[in-house]
Amino acid sequence: MPLRAKVASSVSRTAAALSRAAGRGDGSVIGGWIGLKIDPELLAHLAAGRAIALVSGTNGKTTTTRLATAAVGVLGKVATNSFGANMPTGHTSALAKAGSTPYAVLEVDEHYLAQVLDATDAHVVALLNLSRDQLDRAREVAMMAQLWRAALIRHPELRVIANADDPMVVWAATPPANHDQRLTPPRVTWFSAGQRWHDDSWVCPECGSTIARQNNQWWCTGCPLRRPQPQWSVEDDGVIDPTGAWHKVQLQLPGTVNLGNAATALAVAAEFGVRPVDAVLKLGSVTSIAGRYAQVERDGRLIRLLLAKNPASWLEAFDMADEAPTLLSINARDPDGLDTSWLFDVDFSPLRGRQVLITGDRAFDLAVRLDVNGVPFQHVRTFTEAIQSVPPGRLEVIANYTAFQDIRAELDRVL
Amino acid sequence: MFSDSLRIVWVYPDLLSTYGDRGNALILASRAQRRGYPVEVLEVRSDQPLPATADIYLVGGGEDGPQALGAQRLIADGGLHRAAAQGAVVFGVCAGYQLLGSSFFAKGTEYAGLELLDLSSDRGPTRAIGELAGNIDPRLGLPPLSGFENHGGRTRLGPEVSPLAQVTAGIGNDTRTEGAWRGKLLGTYSHGPALARNPALADLLLRWAVGVNQLPPLDDTWSNRLRAERHAAVAAAARP
């Protein structure tokens, strides 16, 4: 590593440690930010010599990254940005902090995928899904797919693990018909994890025709784009690998969506040569992820935290949650997106019959939504009031980003 | 025209549904049902013919490509024109508002609109993102508009339409006026589930469709709290 990069890396680690010591956060952003100021090429220097996998998509990237890190861990030490700091500053900080490791698995914000692919020369990228998320500032779904597509074609050596169930991802992972024939498109391995959310992919990104769906299949009614045959898929409580062998997956994380994330993690690890039969044993070691799925006991209430940031992830959260009293908390601060319109893209009817409490900065938006949805609820001002309003036993908490962090802070930053 | 049940058409949810637009159909249906009106909500995709005999048509927001495609298909289909000519209620939101006019811009190209409202839209210097509020045309007898806008367009109104509201916060058409209406056609930049924050506007559309001057009141506690909270937030943001 050049001297400038060494200095930058060292200063970056120090800044991160100072930030943690000062109680200003976990240091995963500030350290990288300072490091990149000193040496803009720092991420590339830190990435050099490591076998790197990137994980990107709208939903499930933090969890899939954790699972893939555990799976690749069969081979040796793996650097990862486990705090979910998923932009280049976070990657820089994570790699600097980890020191020299043969492997790295990095979660990447979907807007930064092209940049991080270029900087890290990653070996593998897993593309999970693309759906609407914070539209008041994020790029449109189709535009994001186009950016991914343009980035992937520049990396012929890359191995792509992509979701066969998401038309936007399939299109992004498929080279354009008129691509420069001197470039070899990266090889794609398809996985199927099921998909509950379809509302962002009714129109073909290639030709504008309607996408038809039946059972698990989908196809464009106007051009050849259709669901590819997946090599990895979920069946019952396990994962089928490309040889057709079924592996039972025992996770400590709830929901079928996490089985899909496990399949993706096994596919990523397989690209590094990890046999699924070895990797699958590691997946059960993953418990909570930056507070997600964490369980905390408070006053006889067993509280479980679920993060749901956008319509697709709310549907998954309802699937994961037990039939128990449920607290929903909604904010609309900068990291959440300022617009609450998406609440009407979520069908809250699965909550009927459960005791529902609502709170958060934008609880009234949620109240109007639940009223129209025919879901009775009770508004509470604080988390403490919520706990006092439910009987001892399970309390499910589903919250969007900053609301989740607020509740985590109340519970003393549970891991 | 309102017969056995109130028929609400959600126009092209496959194209024009980017921001919770389903909410407007749900809110209208819920408010009509609570008054005892039977309701039928039809979701008509862009590869299906648009029925011309429904009572209310909802044209929602969308990304540039789908907006242009939606306008082309609506012009080719002709169903919305026939419905409007027969006195149906049409409610356009954001991209759906723009395409009711004579022209709009998407992906840098000018597209023909449906010419149902005398207005045309252009690209503005900045994207309008944030709270939108305004005093609604007194002839409509509604409390102030409250909404969230997210659009890059600016809209010029012709003499045959009236502004829906005079802007008190946000951009709307051009920082002065917001939305437009004529007869039973009404459009707004207050995007997505615009009726969630404006139950009186929802009732206006229902009254137009049903042909009554008044509807029995509903318990709007939560909508009113939401409106008050948003009003306070806009006022707080305006303070120096």
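Author: In this predicted model, helix 4 of chain A and helix 10 of chain A cross in a right-handed manner. The contact between them is formed by Leu67(A), Ala70(A) and Ala71(A) from helix 4 of chain A, together with Ala279(A), Lys282(A) and Leu283(A) from helix 10 of chain A.

Reader: What classes of residue make up the contact of helix 4 of chain A with helix 10 of chain A?

Author: That contact has five nonpolar residues, no polar residues and one charged residue. Lys counts as charged, and Lys282(A) is one of the residues in the contact.

Reader: What makes helix 6 of chain A and helix 7 of chain A roughly parallel?

Author: The angle between helix 6 (residues 113-120) of chain A and helix 7 (residues 141-152) of chain A is about 15°, with the axes 9 Å apart. Angles under 35 degrees count as roughly parallel, and this pair is therefore described in that way. The contact involves Leu113(A), Ala114(A) and Leu117(A) of helix 6 of chain A and Leu147(A), Trp148(A) and Ala151(A) of helix 7 of chain A. By class, its residues are six nonpolar, no polar and no charged. The crossing of helix 6 of chain A and helix 7 of chain A is right-handed.

Reader: How is chain A divided into domains?

Author: Chain A has domain 1 (3-283) and domain 2 (295-410). The C-alpha centres of these two domains of chain A lie 28 Å apart.

Reader: How many residues of chain A are in contact with chain B, and which helix of chain A contributes the largest share?

Author: There are 22 residues of chain A in contact with 30 residues of chain B. Helix 12 (residues 363-373) of chain A supplies the largest share of the chain A side, six residues. That side comprises twelve nonpolar, three polar and seven charged residues.

Reader: What confidence values accompany chain B and the model?

Author: Chain B has a mean pLDDT of 95, and 99% of its residues reach 70 or more. The model scores ipTM 0.96 and pTM 0.80.

Conventions: Residues numbered from 1 in each chain as written. Chains lettered and ligands numbered in written order. Predicted model: local features only at pLDDT ≥ 70, side-chain atom pairs only at ≥ 80, totals over all residues. Axes fitted to C-alpha atoms, helices over the stretch in contact; angles between N-to-C directions. Helix = DSSP H or I, 4+ residues; strand = E, 2+ residues; numbered from the N terminus. Parallel < 35°, antiparallel > 145°, perpendicular 65-115°, else oblique. Left-handed = near helix turned anticlockwise from the far one by under 90°. Contact = placed C-beta atoms within 7 Å. Domains from an automatic or database assignment. pLDDT = per-residue confidence, 0-100.
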